[in-house]
Amino acid sequence: MLKQQIQSDSNEFLKAGEQFKLGVLRMLLAAVTTKEKEKKFKEKIEGDAKLCDEEIIDVISSEIKKRKDAIVLYEKGNRPELADKEKKEIEVLQKYLPEQLSQDELKKLIEESIAKTGAQEMKDMGKVMADLNPRVKGRADSGEVSKIVKELLSK
């Protein structure tokens, strides 16, 4: 299970004295714990509400997106040292995501979804994204997916 792997790695980083990586994983585990509490509250679960690996991947993706947004702001604010820190955190987090799709693989999946849904113009983008999201979840940046879909539908 992914959560156990993250906990195990954080113990290894603690023993190795790798404070930066340890800090990133502690923040991630805190985000996972928060999500588990939200799930428990929403679903009115008695006892613990464990997240499955797919839900943990969603949390990791969300944490990466937060850091990407922060990088943009830090670069606008002329704070490259903080942007670099966020980039390093992203590198640590990405190790817990499934292998990312290449541009060619992604484009092929998008073209298949467009053909499958019969999409021909921009107003059909929602249908394409709905078909595509389960297949690329955690394996591609949603902004990049959206950009390619828009390119292909505007031709």
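Start by selecting helices α2 and α3: α2 passes α3 in a right-handed crossing. Helices here are DSSP runs of H or I with at least four residues, numbered from the N terminus. A crossing is right-handed if the near helix is turned clockwise from the far one by less than a right angle, and left-handed if anticlockwise.

Before you click on, a word about what's on screen. This is a predicted model, where local features need pLDDT of at least 70, side-chain atom pairs count only at pLDDT 80 or more, and totals for chains, interfaces and linings use all residues. Residues are numbered from 1 along each chain as its sequence is written, and side-chain values use heavy atoms, with hydrogens and water left out.

**Stop 1: α2 against α3**

Highlight residues 19-43 for α2 and 53-76 for α3; their axes come within 10 Å and cross at roughly 125°. That makes α2 oblique to α3. Axes are lines fitted to C-alpha atoms, for helices over the stretch in contact, and angles run from 0 to 180 degrees between N-to-C directions. Oblique is what remains once you set aside roughly parallel (under 35 degrees), roughly antiparallel (over 145) and roughly perpendicular (65 to 115).

Now show side chains. On α2, pick Met-27, Leu-28, Ala-31, Val-32, Lys-35 and Lys-39; they meet Glu-55, Ile-56, Val-59, Ile-60, Glu-63 and Arg-67 of α3. Contact means heavy atoms within 4.5 Å.

**Stop 2: Arg-67**

Stay on α3 and click Arg-67. Is Arg-67 buried or exposed? Arg-67 is buried, with a relative accessible area of 6%. (Buried means under 20% relative accessible area, exposed over 50%, partly exposed in between, using a 1.4 Å probe and protein chains only.) Leaving aside neighbours within four places in sequence, Arg-67 touches Met-27, Glu-86, Glu-89, Ile-90 and Leu-93.

**Stop 3: α6**

Next, select residues 125-136: this is α6, with twelve residues, reaching 15 Å from its first C-alpha to its last, close to the 16 Å expected at 1.5 Å a residue. (The expected span is 1.5 Å times one less than the number of residues.) Colour its buried residues: Met-125, Val-128, Met-129, Asp-131, Leu-132 and Val-136. Their cover includes α5 (103-117) and α7 (142-153). Just after α6, find Gly-138, which takes a positive phi of about 75°.

**Stop 4: Met-125**

Finish on Met-125 in α6, which counts as buried at 15% relative accessibility. Beyond neighbours within four places in sequence, what does Met-125 contact? Look for Ser-146, Val-149, Lys-150 and Leu-153.

Methods:
Helix = DSSP H or I, 4+ residues; strand = E, 2+ residues; numbered from the N terminus.
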